[in-house]
Amino acid sequence: MALFASEKDRKKIINKYTTVLQCSVCNAVYTELLNVGTWECRYHPGTYDYDKDEWTCCGEKLHNPSNYNDVGRYFTWNQSFSPVKAFSNGCTPCDHKSIVSKVPYEDVNVESIAQLIPFMKPEVDKRNYTLKEGTPYLLRKKPFIPPP
Ligand SMILES: [Zn+2]
Ligand SMILES: [Zn+2]
C-alpha cells in the first residue's frame with residue numbers, strides 16, 4: 001500500500017520520477033513527474049501499410065526525399081534545439097518515451113505515486129486519466145479507435 005511505503009521505497013519512487021530523460025521520439029528533455037499523462041508527444045498507433053504507402057491510422061505518407069528537399073531544408077537548422085520537427089512524429093497524442101526511464105510505459109496507478117501528487121504540475125486531474133474500479137490511472141497515450 002503506497003501510503004505506508006517505507007522511506008527507502010519513497011525515495012526510489014521520487015528518483016524514478018525526477019530523473020532527467022530525453023525523449024527518443026522528439027528529443028524533448030523531461031522528467032516522468034512532468035510527463036506522465038500529459039501527452040505532450042505524438043505517435044502513430046497504426047501500422048505502416050507498404051502497399052498503400054501510408055499509415056493505417058491517419059493516412060500520412062512516409063516522407064520521401066523529394067518532398068524533404070522541398071520543405072525540409074527550411075527546417076533542418078532548428079531541429080537540434082526545437083522539438084518541432086519538419087514532419088510529424090505521429091497523429092495521436094502520447095507521453096514522451098525513453099528506453100532508459102525506470103517508469104514502465106504503461107498506465108500509472110495514482111495510488112502508487114501518492115507522495116508525488118502535491119508536486120505534480122499540471123495536477124493529476126488536469127492530466128489524462130481513467131478510473132479503474134474507482135482508482136485513477138494516468139494514461140500514457142490516447143487510445144486508438146481504428147476507423148470502421
Ligand atoms: Zn498516424
Ligand atoms: Zn517526445
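## Basis of the description

Residues are numbered from 1 along each chain as its sequence is written, and chains are lettered from A, with ligands numbered from 1, in the order in which they are written. Because the model is predicted, local features need pLDDT of at least 70 and side-chain atom pairs count only at pLDDT 80 or more, whereas totals for chains, interfaces and linings use all residues.

## Overall fold

The protein chain contains three helices and nine strands. Here helices (H or I, at least four residues) and strands (E, at least two) are DSSP runs, numbered from the N terminus. Along the sequence, these elements follow the pattern α-β-β-α-β-β-β-α-β-β-β-β.

Of the 148 residues in the protein chain, 16% are buried. A residue is termed buried if 20 or more other C-beta atoms lie within 10 Å of its own, exposed if 12 or fewer, and partly exposed in between, with C-beta atoms placed from the backbone. Among contacts between residues at least 6 apart in sequence, 70% join residues at least 24 apart; two residues are in contact if their C-beta atoms, placed from the backbone, lie within 7 Å.

## A three-stranded sheet

Three strands form an open antiparallel sheet in the order E7-E9-E8. The edge strands, each pairing on one side only, are E7 and strand E8 (129-132). Two strands pair if DSSP finds at least two bridges between them.

Strand E9 (residues 135-138) is joined to E7 by two bridges, and Asn109 has Tyr137 in E9 as its bridge partner. E8 and E9 pair over four bridges, also in the antiparallel sense; Lys132 is partnered by Thr135 in E9. The hairpin of E8 and E9 has two residues between the strands, and Glu133 in this hairpin takes a positive phi near 50 degrees.

## The largest nonpolar core

The largest nonpolar core has 10 residues: Tyr17, Val36, Val103, Val108, Val110, Ile113, Leu116, Met120, Leu138 and Leu139. Such a core is a set of buried Ala, Val, Leu, Ile, Met, Phe, Trp, Tyr and Cys residues joined through C-beta atoms within 7 Å. Beyond its neighbours within four places in sequence, Leu116 is in contact with Ile13, Tyr17 and Leu33.

## An exposed isoleucine

Ile99 lies in the loop between strand E6 (92-94) and strand E7 (108-109). Ile99 counts as exposed because it has 7 C-beta neighbours inside 10 Å. Ile99 and Gln22 are 77 residues apart in sequence, and their C-alpha atoms are 9.4 Å apart in space.
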